[in-house]
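Visitor: Please take one part of this model and go through it closely. I would like to know what surrounds it and what pairs with it.

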Amino acid sequence: MAALQSLNETNKGLSTTQSRINTGLAVASTKDDSASYTIAQKLRGDVGSLKAVGSSLNRAKSTVDVAVAGAEQVSDILNQMKAKATEASDAGLDADSRTAISTDFDALKEQMTTIIDSSEFNGTNLLKASGGSVSALASTDMAASTLDVANQDFDAVVTGLGATFTDATTAETMVGNLETAIDSVGTKLSTLGSASRKIDAQLTFNSKLSDVVESGIGNLVDADLAKESAKLQALQVKQQLGVQALSIAN
């Protein structure tokens, strides 16, 4: 009877150790340690919430990055348009040359409109007036403020340029309009760049926080696999000896 009881205890310990090695968890159920399991479950919920925040921030980052790429391209085109308008403001330029410059100018303006219309991600376009804005979760605290990026309305920049120039005087006026547009786009680019950096910083913090929480869960419930492996070998030897002892007793 003593040999049988000893073997049963060994088998029970062996089963527990094998379970810990298979799952990697020392506390896999509330039956193992109610306090640690309850705390770990709450922390797992926090990790899930942090992943949702990360997903929201990544969506906002992608939307802003697309807008930044479009805005930078628009800025480049405005500089090209300014060069064309300055060239056309030369009073000594013949009509045919000015017409050719005007044609190139119109093509650049159409390209700019196309870029503005195409700078969309997941249904949001921060450059188009009707494209909406971005609002992302900044943390798991529902009472905390969200991270918002307003629409930059580049359509108004295009509208502000006015009609295409037809002579030296209107070309000179266009140069002034373009300088105003370039300044406006520079301000909007700065706003988008600042928003992108803020989102990146929040993503980095969110990732580090998630890692810390997951590490905390591991400290509570993870098994020491090296220790459990050594214990498994010891229990296997003990089991073999227990079987022999029971056989002798029989």
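**Helix H3 and its surroundings**

Guide: Asp94 caps the N-terminal end of helix H3, with a side-chain oxygen 3.2 Å from the backbone nitrogen of Asp96. The model is a predicted one. H3 has 24 residues and spans 35 Å from its first C-alpha to its last, close to the 34 Å expected at 1.5 Å a residue.

Buried positions in H3 are Arg98, Ile101, Ser102, Phe105, Leu108, Lys109, Met112, Ile115 and Ile116. The cover over these buried residues includes H2, H4 and H5. Met112 is also, with Leu78, Met81 and Val149, among the residues that touch the most other members of the largest nonpolar core, which has 41 residues. H3 (95-118) supplies at least two residues of this core, as do H2 (34-88), strand E1 (134-136), strand E2 (147-149), H4 (155-160) and H5 (168-221). H2 gives the largest share, 13 residues.

H3 also has a charged link to H2. Asp104 forms a salt bridge with Lys84, their closest N and O atoms being 3.4 Å apart. Because Asp104 lies in H3 and Lys84 in H2, this pair ties together parts 20 residues apart in sequence. Asp104 counts as partly exposed, at 37% relative accessibility, and Lys84 is likewise partly exposed, at 24%.

Key
Residues are numbered from 1 along each chain as its sequence is written. This is a predicted model: local features need pLDDT of at least 70, side-chain atom pairs count only at pLDDT 80 or more; totals for chains, interfaces and linings use all residues. Side-chain values use heavy atoms; hydrogens and water are left out. A nonpolar core is a set of buried Ala, Val, Leu, Ile, Met, Phe, Trp, Tyr and Cys residues joined through side-chain atoms within 4.5 Å. Buried means under 20% relative accessible area, exposed over 50%, partly exposed in between (1.4 Å probe, protein chains only). Helices (H or I, at least four residues) and strands (E, at least two) are DSSP runs, numbered from the N terminus. The expected span of a helix is 1.5 Å times one less than its number of residues. Contact means heavy atoms within 4.5 Å. A polar contact is a pair of N or O atoms within 3.5 Å; within protein, one must be able to donate a hydrogen and the other to accept it, and residues adjacent in sequence count only if both atoms are side-chain atoms. A salt bridge is a side-chain nitrogen of Lys or Arg within 4 Å of a carboxyl oxygen of Asp or Glu.
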